[in-house]
Protein chains: 4
Amino acid sequence: MVDDRRYVITFSCPDRTGIVARIAGFLAETGAWIVEAAYHADAQEGWFHTRQAVRADSVPFSVDELRSRFAEIAAEFGPEAVWRVTDTGEPKHAVLLVTREPHCLHDLLGRVTAGELPVVLDAVIGNHPDLGRLVEAHGVPFHHVPFPGAKDPRKEQGKVEAFEKVRQIVEGFAPDAIVLARFMQILPAHLCEEWAGRAINIHHSFLPSFAGARPYHQAHTRGVKLIGATCHYATADLDAGPIIEQDVIRVDHGDTVPDMVRRGRDIERLVLARGLRWHLEDRVLVHGNKTVVFR
Amino acid sequence: MVDDRRYVITFSCPDRTGIVARIAGFLAETGAWIVEAAYHADAQEGWFHTRQAVRADSVPFSVDELRSRFAEIAAEFGPEAVWRVTDTGEPKHAVLLVTREPHCLHDLLGRVTAGELPVVLDAVIGNHPDLGRLVEAHGVPFHHVPFPGAKDPRKEQGKVEAFEKVRQIVEGFAPDAIVLARFMQILPAHLCEEWAGRAINIHHSFLPSFAGARPYHQAHTRGVKLIGATCHYATADLDAGPIIEQDVIRVDHGDTVPDMVRRGRDIERLVLARGLRWHLEDRVLVHGNKTVVFR
Amino acid sequence: MVDDRRYVITFSCPDRTGIVARIAGFLAETGAWIVEAAYHADAQEGWFHTRQAVRADSVPFSVDELRSRFAEIAAEFGPEAVWRVTDTGEPKHAVLLVTREPHCLHDLLGRVTAGELPVVLDAVIGNHPDLGRLVEAHGVPFHHVPFPGAKDPRKEQGKVEAFEKVRQIVEGFAPDAIVLARFMQILPAHLCEEWAGRAINIHHSFLPSFAGARPYHQAHTRGVKLIGATCHYATADLDAGPIIEQDVIRVDHGDTVPDMVRRGRDIERLVLARGLRWHLEDRVLVHGNKTVVFR
Amino acid sequence: MVDDRRYVITFSCPDRTGIVARIAGFLAETGAWIVEAAYHADAQEGWFHTRQAVRADSVPFSVDELRSRFAEIAAEFGPEAVWRVTDTGEPKHAVLLVTREPHCLHDLLGRVTAGELPVVLDAVIGNHPDLGRLVEAHGVPFHHVPFPGAKDPRKEQGKVEAFEKVRQIVEGFAPDAIVLARFMQILPAHLCEEWAGRAINIHHSFLPSFAGARPYHQAHTRGVKLIGATCHYATADLDAGPIIEQDVIRVDHGDTVPDMVRRGRDIERLVLARGLRWHLEDRVLVHGNKTVVFR
């Protein structure tokens, strides 16, 4: 539907007066009809962030023209200003990385098939072949890239080679999101760097509690009364990247580790799906190690 | 602290392009430093709503001057436009109406005493004297206005007279909020009218379920798995006014009606305190029978 | 795994002293190792309910023998006593009824495939063919039973015939659960009767609010701040059967009806999956129009 | 009301078959009417835990007699068995420790005054005099025990002396609970020992995240999307004792540290009130560093 097409502008710069007026004035001059507008002034950091969505059919020129005109506005706010103009008429693309755990993959495939998530899945890459059949049943190409086992004498070198293959497949698509849908392999620093702001991980704990391996075991040992999941951008610092979304569910003394694993899946699915949606809709602005999420 | 003082502008009008630009442009011209800005375009109703908070010390004239200048802007958007400019340096005032149930009253008194809620309590009016001592211990005047009992032959006339006394006390203060903190008497239509947009009720159910009397009994009979509370503006249509805030908590088969009553208090307290805060901070804009809440 | 196999006893009867002792004594005599035991005494109804799970390998005879021995115990508590002994080694069976909405179906198929839900799906019946391909990709038989359209002159008779076909397919499997996974057709009274305690519906509102058609539209019109979903046993009284599970999520003024529809799916999926699991694990005991859920 | 009086039995021992039967058989013989019964078999630890509440008027002898008879039963399960028999007709007692932060104190005083929490407050001890007036307005004795300031040269010795005064006041009451209601002083190891299982702390984070000082600052720095509170038994290991209850609320990028502090109070109040209630109702059984909470 033409009516649903939006141009989305995100913009961040050091705070000062007049930013809203400048941007709003520019949009008013073009006749752009604003359907969503959100602002955040971070007094502590001294930064300003905004996201604006306008009806595409209210803008009398192309999105490229909008980009080049907005670039001039942005330039007025100095070299630190960060901005982006996207067109919801141009679908976003994603590649998923998985291992054997199917629940997040199932959930994302189901959402994409049902038209709930605005994204084209270019490929799913698995370090095990197990999930290939299901992926292909949804019409999505599956790539099996084997990783060396724990006892492989060439383990380190094998990993380097496997990640290089993964990198090549991913880069062939230049996706907007690389989703580690319970991938369970630690991304090497150079890929975190290369995919900065695009690599999205789901960690099965309420970070910063229980970072690293086997978080449900850690949670069970500590006797917490809620378990959680965290969707965050992957960075070289393991499980410490900017958090996009988190949520929790209640557990009690009767829940064993397998119960927690099973029940935690419900929250992992939801948190990843929400975080990914916000990323794809350009609702997430990263500043330092934190996010502004204009839901 | 001077730095924390804000002028808060709320504005609603039929939607069209250029509204944000006009308001933002006006604020930019005055040099106003925007610390919070929220917008909502309701496509179905065709209405636009905004709330802006600016640093008082960034505006080079008085709040009255700001009001008269903003009035001109507002006038450009037609006679339907609704707006308000308030100054957080001028404290809001409230009157509480209570009966015997102390939990919401305790909670509000505690929050005001602790400086959590930005309001001056001018008076508490009770139709029973029970809570007077505690109210006065917090330095707040208590007015006992007896209401006729269920078997009083002059019940109807007595109610009319009692509500007239309540009205007189309330109007002596011209408060920003009249809070029915579990008052348990149905406000007559003319007072709902007179106090429109200022009379805030807490109903002990997740409306529209279980409106009217004894909602926890109704909930127990139906066997629901969550109970809730609703903070809304009182209107002549019982328990059907615009909803400001709602929340729920989980119950199970083991919870008796008294358990629900006790556990429900936790959610009544929270929902009323949140709704009242948003009202006092001019975060709630009413349109028709619904609210826009800029949290 | 033999170790995970359980015999599950559920038992309800008018309350009196000594019930726990009698059942526990019986289990102790047989040497049964109790791994889960839950009790509920409903003082208002004067009824007692219990669920006990024992390790199958701790019982020195067959489940049939356990059933016949327990029948004698149960008989001591009068003709009103209701009980059941099931064996988790004998998988439960379910048939799903769907229309075009895929989200609950996707979710359940994903959970079954991943081994999360202890059930065999005997068949999916759809009144539209749309979801057939996906169902069959999961190795589950799909039956298309067309229903008459809204303008069909033989609408009433056509419905009767279609439901008769559905009934025949369902009864061929004698399933433990008939799941209306957003089926959107009102089950006729005689099927509610025939499938009493087995037909599980997911309604897309927090009942009793917004029963009937288009609950998200109703919720949007009323301006509620939370939307919900309810999993309940279907009865002849539409959307009024015993509630198994409910949950809610927060919405705000920015959520349109389509937003609510999309966001509500997350809670529909979860609530149906939880309710169905508890039903399959014999955790749900129905008494009158209410449930005891031993989670 | 005589009818509401209960004898509550809690019992823990190494798991084996027949425990439920033995206890239930004993209760049946005495004619005890069980109104609540909960069991937990911890397969990993190999321990069994139960809590039973019986109607006092159904037991044909005194609670002391019940204790001495139950002692014999308990002895059959070996020297490791831990048990307790309490009488809800004998009110529990508590002492509160506070500093200047009033919110948890207000909340607990309000609940006790309203009859919501089944406890007698013997005293409130404050290391600042600020909250004394309010405490005494509720008819509860207030003791001011000054603690040395951060720059006091005799700081260490002064603390030892102050804690000794606190200890003496507390021990004069031999309370069932010593509640650190945002006391903000680290309890010395010998008091943790002496008050083991009775000293209840509220920590203003979702432990184990953000233990120690200034948890809201830590949370803000990390950019988490939920903040929480934890009620736990105080042990010599700071913020690492057995967790009784936890809960969280959502925050977003717009929440400053003061916003988090304010909003966190709502969850601190609730979590402490719930944890304390369960402790007072003998619903919390500690095993190792974890709790079984029979809600």
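Four salt bridges turn up across the interface of chain D and chain A, where a salt bridge is a side-chain nitrogen of Lys or Arg within 4 Å of a carboxyl oxygen of Asp or Glu. This is a predicted model, in which local features need pLDDT of at least 70, side-chain atom pairs count only at pLDDT 80 or more, and totals for chains, interfaces and linings use all residues. Residues are numbered from 1 along each chain as its sequence is written, chains are lettered from A and ligands numbered from 1 in the order in which they are written, and side-chain values use heavy atoms, with hydrogens and water left out.

**Where chains D and A meet**

- One of the salt bridges joins the side chains of Asp247(D) and Arg250(A), at 3.6 Å from N to O.
- Helix H7 (215-222), strand E11 (243-250) and strand E13 (290-293) of chain D each supply at least two residues of the side that touches chain A; helices (H or I, at least four residues) and strands (E, at least two) are DSSP runs, numbered from the N terminus.
- E11(D) gives the most to that side, with seven residues.
- The contact (heavy atoms within 4.5 Å) takes 34 residues from chain D and 34 residues from chain A.
- Between the two chains about 3,000 Å² is buried, and carbon and sulfur atoms give 52% of this area; buried area is the accessible area (1.4 Å probe) that two parts lose on being put together, summed over both.

**How the two copies are related**

**A closer look at Asp239(A)**

- UniProt, in an unreviewed entry, places the feature "active site" at Asp239(A); UniProt positions are given in the numbering used here, feature names are shortened, and annotations may be inferred rather than shown by experiment.
- Asp239(A) sits in the loop between strand E10 (226-233) and strand E11 (243-250) of chain A.
- Leaving aside neighbours within four places in sequence, the contacts of Asp239(A) include His203(A), His232(A) and, from the other chain, Arg222(D).
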